[in-house]
Amino acid sequence: MAEHAHLDPRTPTVVADGVHITYTERSGPRSTRSVHAVKGVSFAAYRGEAIGLIGLNGSGKSTLLKAVAGLLPTSEGRIYTQGRPALLGVNAALMGDLTGERNVILGGLAMGMSRREITARYADIVDFSGINDKGDFVSLPMRTYSSGMGARLRFSIAAARSHDVLLIDEALATGDAAFRRRSRQRIDELRAEAGTVFLVSHSNTTITETCDRALWLEAGELRMDGPADEVVAAYEHFTGTATKTTTKRT
Ligand SMILES: Nc1ncnc2c1ncn2[C@@H]1O[C@H](COP(=O)(O)OP(=O)(O)OP(=O)(O)O)[C@@H](O)[C@H]1O
């Protein structure tokens, strides 16, 4: 229809409309302190996009991700999402005293998989994580894993099913090169299945390799939104460092 020609034909999965997020904490018996972490952020994310969130420490990236996941209320503005977004954080709640195997089952249930689906995908999840590459770690308690192993297992559990919106907070940075390659492929597949992936990372290389679009947050404000390579280039110019030195080696 000609009169609708100006409308974006893509399907939005997340719309943030003038979002403000403020943390309020008690700072004494009768006083509170508040931190205005996200300030008037607006964007629309569409099916099939992988969007990187970049910015200095404390710029509001994790806060925005948690709000999109529905774990933090906005103090002003609205966030609309399609389906139930899945948040995959470095600290996602797996249980240290339980074995990797038990955690795959619990994590799978938390991600909305049925027992039958988990059983069917169990071997793939463990293979993908690579935690059994050097021995039978999956039958050991998770507290015996390195932080990289834990993060890999979390990513593997979350990525085992498709999501309308998958939110990933730094999880990929902890893997080795082979695991990062597998993760990138899996993110591409999730996008091809028409999901939207958000990725918070301090590695500019991870952002440009994994994402087609990036949002740059600066002191809680959205400073730039555009193609990942352009936004990363502007951010690097701002931080005054070249790609080489900002690439986090893990
Ligand atoms: N639970 C909390 N209570 C109070 N203030 C918080 C809380 N979490 C974060 N903040 C504050 O909100 C601001 C944004 O933090 P956030 O963790 O979202 O930034 P970030 O960009 O993800 O940082 P980083 O790159 O260091 O992970 C910071 O000033 C931080 O101190």
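**Close-up views of a predicted model**

**Figure 1. Packing of helices α3 and α4.** Helix α3 (residues 115–129) and helix α4 (residues 147–159) have axes that come within 8 Å and cross at roughly 140°. The crossing of α3 and α4 is right-handed. On the α3 side the contact consists of I125, F128 and S129, which meet R152, L153, S156 and I157 in α4. By class, the residues of this contact of α3 with α4 are four nonpolar, two polar and one charged. The model shown here and in the other figures is predicted.

**Figure 2. Packing of helices α2 and α4.** The axes of helix α2 (residues 100–110) and α4 come within 9 Å, with a crossing angle of roughly 40°. The two helices, α2 and α4, are therefore oblique to each other. Their crossing is right-handed. From α2 the contact takes G100, N103, V104, G107 and G108, and from α4 it takes L153, R154 and I157. Three nonpolar, four polar and one charged residues make up the contact of α2 with α4.

**Figure 3. Packing of helices α2 and α3.** Here α2 and α3 pack at an angle of about 120°, and their axes are 11 Å apart. The pair α2 and α3 is therefore oblique, and its crossing is right-handed. V104, I105 and G108 of α2 make the contact with I118, Y122, I125 and V126 of α3. The residues of the contact of α2 with α3 comprise six nonpolar, one polar and no charged.

**Figure 4. Surroundings of M111.** M111 is located in the loop between α2 and α3. With 21 C-beta neighbours inside 10 Å, M111 counts as buried, because the class requires 20 or more other C-beta atoms within that distance. Setting aside neighbours within four places in sequence, M111 is in contact with A86, I157, A158 and R161. For M111 and A86, the C-alpha to C-alpha distance is 6.9 Å, and the two residues are 25 apart in sequence.

**Figure 5. The shell around the ligand.** The ligand is surrounded by Y23, E25, V35, A37, G55, N57, G58, S59, G60, K61, S62 and T63. Two or more residues of this shell come from each of β1 (12–26), β2 (32–46) and α1 (61–68). Of the elements, α1 gives the most to the shell, with three residues. In terms of class, the shell has three nonpolar, seven polar and two charged residues.

Figure 6. Helix α1 is mostly covered, as seven of its eight residues are buried. The buried residues in α1 are K61, S62, T63, L64, L65, A67 and V68. Of these, K61, S62 and T63 also belong to the residues that surround the ligand. G70, which follows α1, has a positive phi near 85°.

**Figure 7. R84 in the loop between β4 and β5.** R84 is found in the loop that joins β4 (76–81) to β5 (86–89). With 12 other C-beta atoms within 10 Å, R84 is exposed; the limit for this class is 12 or fewer. The C-alpha atoms of R84 and V68 are separated by 9.8 Å, and the two residues are 16 residues apart along the chain. V68 is itself one of the buried residues in α1.

**Figure 8. A219 in the loop between β8 and β9.** The loop between β8 (213–218) and β9 (221–227) contains A219. Although it is not a glycine, A219 has a positive phi of about 50°. Most residues other than glycine have a negative phi. A219 counts as partly exposed, with 14 C-beta neighbours inside 10 Å.

**Figure 9. Overview of the chain.** The chain has eight helices and nine strands. Of its 250 residues, 41% are buried. Among contacts between residues at least 6 apart in sequence, 69% join residues at least 24 apart.

How values were computed:
Residues numbered from 1 in each chain as written. Predicted model: local features only at pLDDT ≥ 70, side-chain atom pairs only at ≥ 80, totals over all residues. Near = placed C-beta within 6 Å. Helix = DSSP H or I, 4+ residues; strand = E, 2+ residues; numbered from the N terminus. Nonpolar A, V, L, I, M, F, W, Y, C, P; charged D, E, K, R; others polar. Axes fitted to C-alpha atoms, helices over the stretch in contact; angles between N-to-C directions. Left-handed = near helix turned anticlockwise from the far one by under 90°. Contact = placed C-beta atoms within 7 Å. Parallel < 35°, antiparallel > 145°, perpendicular 65-115°, else oblique.
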